[in-house]
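Please look through the sequence and the 3D structure below before reading on.

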Amino acid sequence: MDIDTRGPRFGATVTTVVLAAVLVTGSSALLGWQALCFAVGAAAGVQKSPYGLLFRAVVRPRLGPPSDVEPPAPPQFAQAVGLVFALLGLVGYLWGPAWLGLAATGCALAAAFLNAAFGYCLGCEMYLLLRRVPLASR
């Protein structure tokens with residue numbers, strides 16, 4: 001079942017704010033929360049992530065019907081990519097080196113911002129590119 005494209009974009013907006021706050025404060029707890037959100041989105045789908053549930057319960061009822069939908073697999077893959085960067089960031093913030101925490105969080109922030117501001121999902125594009133790569137095992 002396809003999903004409303006505004007949901008992942010709303011999630012990217014919240015994620016942008018959270019990751020910017022992590023960079024400003026250096027809060028590993030806040031980055032841990034974001035990693036958890038990414039993990040749920042990667043495992044259960046973006047519509048079941050905390051930000052997806054918030055969108056469905058609070059934001060979506062105030063909007064008209066979606067004009068654009070998309071398959072859930074690309075945003076779900078993007079959540080997995082975000083999770084990898086969040087986990088790398090946690091390693092950097094908790095055990096060092098500090099630059100790893102900053103760099104990984106900054107990369108995740110850049111990707112989230114691109115989706116939030118321009119509707120361009122880097123993780124989704126990665127998913128589509130990987131689907132086109134011929135595998136020797138096929």
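**Two helices in contact**

In this predicted model, P8, R9, A12, T13, T15, T16, L19, A20, V22 and L23 of helix 1 meet L102, T105, G106, A108, L109, A112, F113, N115, A116, A117 and F118 of helix 5, where contact means heavy atoms within 4.5 Å. The residues of this contact divide into 14 nonpolar, six polar and one charged; Ala, Val, Leu, Ile, Met, Phe, Trp, Tyr, Cys and Pro count as nonpolar, Asp, Glu, Lys and Arg as charged, and the others, Gly among them, as polar.

Two packed helices are described by the angle between their axes and by the distance between the axes. Helix 1 (residues 6-25) and helix 5 (residues 98-118) pack at an angle of about 145°, with their axes 8 Å apart; the axes are lines fitted to C-alpha atoms, for helices over the stretch in contact, and angles run from 0 to 180 degrees between N-to-C directions.

**The whole chain**

The protein has six helices and two strands, which from the N terminus on run β-α-α-α-β-α-α-α; helices (H or I, at least four residues) and strands (E, at least two) are DSSP runs, numbered from the N terminus. Of the contacts in the protein with a separation of 6 or more, 70% are between residues 24 or more positions apart. The C-alpha atoms fill a box of roughly 45 × 45 × 25 Å, taken along the principal axes.

Residues are numbered from 1 along each chain as its sequence is written. Local features need pLDDT of at least 70, side-chain atom pairs count only at pLDDT 80 or more, and totals for chains, interfaces and linings use all residues, while side-chain values use heavy atoms, with hydrogens and water left out.
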